[in-house]
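Dear colleague,

I am passing on to you the structure that I have been looking through, and below it you will find what came out of that reading. Please look at it first and then go on to the notes.

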Amino acid sequence: MTTPPPWRLAAALVLASAAAAALLATPAPQLGVEDEWVWPVIPYVGGHPAAWLVGVCAAAAYLVFVRSGSRRLQRIERSARGGRLREVERAGWLVALVAACLGWWFALLNAAPDTLPVAAGPEGVSAVRVPFGLGRSPLVLYYGRMSGYYFEARYTDQSAAEFLANYETSIASREDAQRYLHLGTHPPGMILLHRGVIACVERSPALRAALLRTLPATLVESNAAIRQEARAGGRDFTELDEAALWLATLLTFAACAATVVPLALLMRSDSLDFSAAWRWASLWAFVPAVCVFLPKCDALLPLPCVLAGQLLFPALHRSAPIRALAAGVVCCLGMLLSLAFIPVLLWLGGATLLTWWTTRGAAESSSPPEAPRPRLRPCELALVMVAIGCLLPIGILYFAARHNLVHTWLLNFRHHAEFYEHNSRSYGAWLVANVVEAAVAAGPPLLLLGAWGGVASLRNLWRRGASTGIAGAAGVIVLTLLLLSGKNMGEAARLWIPFFPWLILAAAARSPGTGQNRGTLGFAPTSGGPRFDSVWLLAAVLQAAIAILASTRIDGFGFSELPL
């Protein structure tokens with residue numbers, strides 16, 4: 001597929017970003033479908049200019065770090081250092097990128113508009129002021145309206161074995177709104193995760209004390225509001241809860257930031273220069289939806305999503321049964337957390353099918369006529385091992401805890417279908433609305449570059465049979481099918497967070513301005529020169545601008561409209 005002229009590409013990215021910025025800057029941006037579902041808006045308050053200034057400074061510092069790191073990694077690639085020393089330094093830069101992501105997110109959320117009055121709740125508590133920045137964390141994790149997993153883990157008086165054994169009956173017998181919202185439509189993994197966090201804090205006084213000492217002031221205020229409401233409702237809310245919620249917040253942030261590690265390694269395993277892979281992975285920090293919805297549980301899912309691909313895809317080209325087995329285990333654990341992992345399974349399956357299709361002829365022609373054909377080719381062996389890896393956790397849960405995970409998934413499917421019995425949705429209107437919402441949530445530059453890269457990779461695959469950019473292309477296909485399916489008519493910006501790394505894979509795989517398409521991802525061995533730098537830098541700056549605007553304008557949790 002022909003690379004568009006640089007000025008056309010730049011104009012498209014700038015115009016799409018300007019349109020998204022204009023939408024977010026309006027007094028009442030319309031994201032959704034009126035009378036069905038619209039994202040609440042954070043009204044303009046005095047803190048917005050300061051928040052924007054801090055966001056710009058933090059984004060600039062992050063970009064300087066990424067630029068410096070990329071240049072250093074390029075020098076490492078050209079040096080004559082030993083392989084082990086080079087790998088150690090690469091690992092250090094990956095860890096540094098995770099830390100930089102965390103620094104950017106904490107700076108952005110700390111600077112978010114301070115507070116806003118919220119109507120009094122049904123308990124009769126006086127109106128509280130709810131922070132939209134980092135201070136939202138305990139509120140998001142604690143209250144059932146946001147998710148309910150911590151609440152269920154904290155106030156259910158059962159052992160872990162009893163909880164798992166009774167889980168199917170528990171969600172099947174629910175008659176409240178949670179039946180078709182959070183709890184009834186999810187497997188038990190999120191609740192088990194919070195039970196583990198609570199247990200860690202209970203059993204380690206030193207950990208609990210350290211967490212309480214490091215609590216930011218905004219979280220202390222939010223915890224005070226929760227304590228007041230809990231006391232009125234006859235529930236305990238102690239220092240243990242404060243520490244556990246802070247630990248859950250830190251773990252969610254860390255898991256989301258750690259996504260850059262398998263993301264960079266996945267691009268690297270497909271022959272992309274490591275410095276370029278590292279730099280493209282850094283765009284994950286500027287995905288607007290992540291900035292809006294942290295620390296919601298959806299932000300936990302990108303890590304296992306990308307990790308499953310990073311484990312599986314190399315095993316499709318060469319026999320690596322242990323990697324494929326580990327990928328299957330990760331897939332099952334992801335499904336234990338959320339049914340949102342189903343599109344990930346489709347992604348992995350689609351990429352496997354495309355890889356098999358492109359390599360089937362090459363495998364036959366490369367083998368001597370007298371050579372015996374292996375019983376299973378790498379793709380076939382990988383599929384078998386993935387299936388075994390998926391079955392292992394299912395079997396362990398069934399025999400150790402008497403929990404039928406497959407039956408739980410069926411119940412979750414049934415309850416999810418009930419959502420649309422209680423909430424009317426218009427397919428045609430949401431088809432258009434979700435395109436706009438996806439553009440704002442992923443960032444217009446990333447969506448455009450990802451879509452272009454995915455189409456270019458598919459066209460190259462179809463015409464030449466080249467196994468180039470398959471991971472990104474398969475991701476674009478699954479996202480398109482997800483859009484057309486109508487399964488997410490409302491809150492797509494949050495629900496699609498685990499899938500936005502696919503756009504980075506697709507964008508990097510066929511990035512314009514890199515000269516000839518060399519290697520399996522279309523990059524020259526030395527990252528591509530100034531045209532590549534300008535494409536990446538323009539996309540990064542525009543992504544950062546939309547992320548800053550979205551995080552200070554979109555109320556992802558309804559604080560501005562609903563009582564606690």
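A residue is called buried when its relative accessible area is under 20%, exposed when over 50%, and partly exposed in between, with a 1.4 Å probe and protein chains only. By that rule, 54% of the 564 residues of the chain count as buried. The model is a predicted one, in which local features need pLDDT of at least 70 and side-chain atom pairs count only at pLDDT 80 or more, while totals for chains, interfaces and linings use all residues. Residues are numbered from 1 along each chain as its sequence is written, and side-chain values use heavy atoms, with hydrogens and water left out.

The chain has 24 helices and four strands, taken as DSSP runs (helices H or I, at least four residues; strands E, at least two) and numbered from the N terminus.

The axes of α7 (residues 189-203) and α10 (residues 239-257) come within 9 Å and cross at roughly 125 degrees, where axes are lines fitted to C-alpha atoms over the stretch in contact and angles run from 0 to 180 degrees between N-to-C directions.

His403 lies in the loop between α17 (378-401) and α18 (405-422), and it is buried, with a relative accessible area of 0%. Residues that His403 touches include Leu164, Tyr167 and Glu168.

Definitions and conventions: Contact = heavy atoms within 4.5 Å. Lists of a residue's contacts leave out its neighbours within four places in sequence.
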